[in-house]
Protein chains: 2
Amino acid sequence: MPVLVMKFGGTSVATLDRIRRAAKRVGVEVAKGYDVIVIVSAMAGETNKLVGYVDETSPLYDAREYDAVVSSGENVTAGLMALTLQEMDVPARSWQGWQVPLQTTSGHSAARILDIPTDNITRKFGEGMRVAVVAGFQGISPEGRITTLGRGGSDTTAVAFAAAFQAERCDIYTDVDGVYTTDPRICEKARKLDRIAFEEMLELASLGAKVLQTRSVELAMRYKVRLRVLSSFEEQSDHAGTLVCDEEEIMESKVVAGVAHSRDEAKMTLLSVADRPGIAATIFSALSEANVNVDMIVQNISEEGRTDMTFSCPTDQVARAEVALSDIKEKGILNFAELVADTNVCKVSVVGIGMRSQSGVAAKMFKVLADEGINIKVITTSEIKISVLVDRKYMELAVQALHDAFELDQAS
Amino acid sequence: MPVLVMKFGGTSVATLDRIRRAAKRVGVEVAKGYDVIVIVSAMAGETNKLVGYVDETSPLYDAREYDAVVSSGENVTAGLMALTLQEMDVPARSWQGWQVPLQTTSGHSAARILDIPTDNITRKFGEGMRVAVVAGFQGISPEGRITTLGRGGSDTTAVAFAAAFQAERCDIYTDVDGVYTTDPRICEKARKLDRIAFEEMLELASLGAKVLQTRSVELAMRYKVRLRVLSSFEEQSDHAGTLVCDEEEIMESKVVAGVAHSRDEAKMTLLSVADRPGIAATIFSALSEANVNVDMIVQNISEEGRTDMTFSCPTDQVARAEVALSDIKEKGILNFAELVADTNVCKVSVVGIGMRSQSGVAAKMFKVLADEGINIKVITTSEIKISVLVDRKYMELAVQALHDAFELDQAS
């Protein structure tokens, strides 16, 4: 029988009632003839409670013990989901990570999946079991210790199971009903996409459309796992949600798939830096060591062998960046005239795989913004994305204008 | 290095502060030179919460899933305890049941321990680890599923580890500071015993002195594990608590070690039952099938080939017993004149291994009760115990009088 992977996040299993509702959806897929692998998160709030215990106990904790403690929330949900399915007369059992065993690296709290043997679960499917409920987010290290996969670990678990079992699809049930052309809260014309390409989803995710964890989308792209994002709180049809898939599955896609934005950006400029080889490495090594997540980087030639270097980072890392850069200035490692931080900016991006084959997208974007009187402060581009920093007060205007201009409110 | 097993129950690890206090005690034993195996229960309330989830999800639950869910509470405590010890610079790590692996039968929710391999933990001790924190109450079945040991499972885990590792002692930290000659709430002269023999502890436990689970005491007796019961809420000396040990370790013991009582007893009498072979088997098979826990049984010869049969059982099982016996009467399997239930009785017992070698204890007990004007309704005796049923209103008087008469307030 074809295998389907279904993943339910913390809010979708927050109470016994919600677990029951999720189990009913599983039952529907079983009735269609699928053998189903269900990946569950901990009940909402549980993981935070456990992390709180660990943090309070040991601020610099042993990650192996952290993993042993924090993974227990998923085990509870897995057992309860299996029991709920059994109550519905669906043959089901739970698996904890070590029982599969889902083998990972020893990188505790951020382990990477090495292998998922399929024989054990496949044999049970052959014996009439219809649903394997697997505790997400966890595995076992080569040393036999429990590991966790870090942020987004349950999504990653689901995609990895879908790849290992060559599942027909991996359905991610969450609290939104799909991926939108832009944030519906700031643009009422935002439209749910039926399909989106992996690459577009990756750009949208890292730009703030936090529907799926980047890591799980990367994995899905590598193994060509068809991912569907859909809401656990609405009635579902077969075409519900958004399918994240290979671009070949998307017919006649628009040039631009969506407009993303990020409010939490700061623009920092180092004025009059000596323009010599290695200077960028010096600056960004120092920032990296200070755990500053640099996003955009732009270098302008200035005068007389000196240059201005501009970068963006999350607003709450500005202070850290300032300390790191002052530090290397004092030590004589880097010479610059001034560091100017502008925490009053935002980032707006247009994303679409169609850009690869169609020119003029950047020109159109800049013209749309100019027509609205919005000044662009920084520009960066990638193959399928163009991002600009603008004053924060223009964020909604910019998003709405771009959404209109690229006709994202209309299905292609 | 000698091995010590220390077990902390749910109330002793109910909060992070209490876990810290427990860890400090562990640190004291490590400083004395012990390699310590710590067995932990779930934080107080956690197991009940999980059991509640399971009951609500599936009244007739799959015990394998029940075990998978319910065992997670101990895993959390084990990790937190290991972290707390590490914070105190005590080299420690946690083990879940399957990691040891603590091998059990497949009798889910009431599994019995088959084996505890020691090589893994012993090797870690050899490498400098000083404390192995083990999640109590759980193991792994031959099929690789998680099992739990049922009521008192953590005490049993502790004793089994002490036996497997030939530990010098097994310290059970609980919310009482030891075993008393009688219940201090009804006899203010009650005295804490320094030592008590396994057999005495067994009789006291089953009589209602619920300090240690019967099963763990049986196991300790079989493997000669020295058990110490002590409070986690008081400062400890080396002689704190009560040592439960082989009678050979108890010098000059008193004839009577303690006076136990049970308020929750009912006396039931079947009047005028045909006195023929097999009649007792008929009665008590029917009661057993109805899940009535019969305690005392007394048969009196009455007249003309008929007899009266008296037994005691918990008061909340009286209705069940009445139904079961009426049922076999109606079916013509058993003939009796009347069933008389007296739910206004209590059981008082004196316990002591000294009785085996000293006569006159029963006579003295009966005289003490007679002197107080207390009528005895039923008597049963074992090698080291004499129990009587008396009217409930006399319970405190009987206990106090016996405690005085056998001079239990004075150390031997």
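In which helix of chain A is the place of A:T47? In this predicted model, A:T47 belongs to helix α2 of chain A, which covers residues 46-57.

**Two residues listed in a record**

- The UniProt entry, which is unreviewed, lists A:T47 and A:E74 under the heading "binding site".
- Although these two residues are spread over 28 residues of sequence, they cluster in space, with a largest C-alpha distance of 8.5 Å.
- Both A:T47 and A:E74 are included in the lining of the second largest pocket.

**A sheet and a helix in chain B**

- Chain B holds an open sheet of eight strands with mixed pairing, and the order of its strands is β3-β6-β2-β1-β9-β11-β12-β10.
- The edges of this sheet are formed by β3 (92-95) and β10 (195-197) of chain B, each of which pairs on one side only.
- On average, neighbouring strands of the sheet are turned by 20° against each other, if direction is ignored.
- Strand β3(B) runs parallel to β6 of chain B, which covers residues 131-135, and four bridges join the two strands.
- Within this pair of strands, B:W95 stands opposite B:V134 in β6(B).
- Helix α1 of chain B, made of residues 16-31, lies across β1 (3-8), β2 (35-40), β6, β9 (169-174) and β11 (227-231) of chain B, and its direction is at about 170° to that of β1(B).

**A buried serine in chain B**

- B:S349 has its place in strand β16 of chain B, which covers residues 338-351.
- The relative accessible area of B:S349 is 1%, and this residue is therefore classed as buried.
- The side chain of B:S349 is joined to the side chain of B:S387 by a polar contact of 2.7 Å.

**Backbone details to check by eye**

- Most residues other than glycine have a negative phi, and most peptide bonds are trans.
- In chain A, a cis peptide bond with omega of about -15° joins A:V100 and A:P101, and A:P101 lies in the loop between β3 (92-95) and β4 (103-104) of chain A.
- In chain B, the peptide bond from B:V100 to B:P101 is cis, with omega near -15°, and B:P101 has its place in the loop between β3 and β4 (103-104) of chain B.
- A:E407, which is not a glycine, has a positive phi near 55°; this residue is found in the segment after α12 (395-405) of chain A and is partly exposed, with a relative accessible area of 42%.
- B:S272, likewise a residue other than glycine, has a positive phi near 55°; B:S272 is found in strand β13 (residues 258-274) of chain B and is partly exposed, with a relative accessible area of 22%.

Methods
Residues numbered from 1 in each chain as written. Chains lettered and ligands numbered in written order. Predicted model: local features only at pLDDT ≥ 70, side-chain atom pairs only at ≥ 80, totals over all residues. Heavy atoms only, no water. Pairing = 2+ DSSP bridges. Axes fitted to C-alpha atoms, helices over the stretch in contact; angles between N-to-C directions. Contact = heavy atoms within 4.5 Å. UniProt positions renumbered as here; feature names shortened; annotations may be inferred. 1 Å grid on protein atoms, 1.4 Å probe; cavity = no way out; pocket = protein on both sides within 12 Å on 5 of 7 lines; lining within 4 Å. Buried < 20%, exposed > 50% of the residue type's maximum accessible area, 1.4 Å probe, protein only. Polar contact = N/O pair within 3.5 Å; in protein donor to acceptor, adjacent residues only side chain to side chain.
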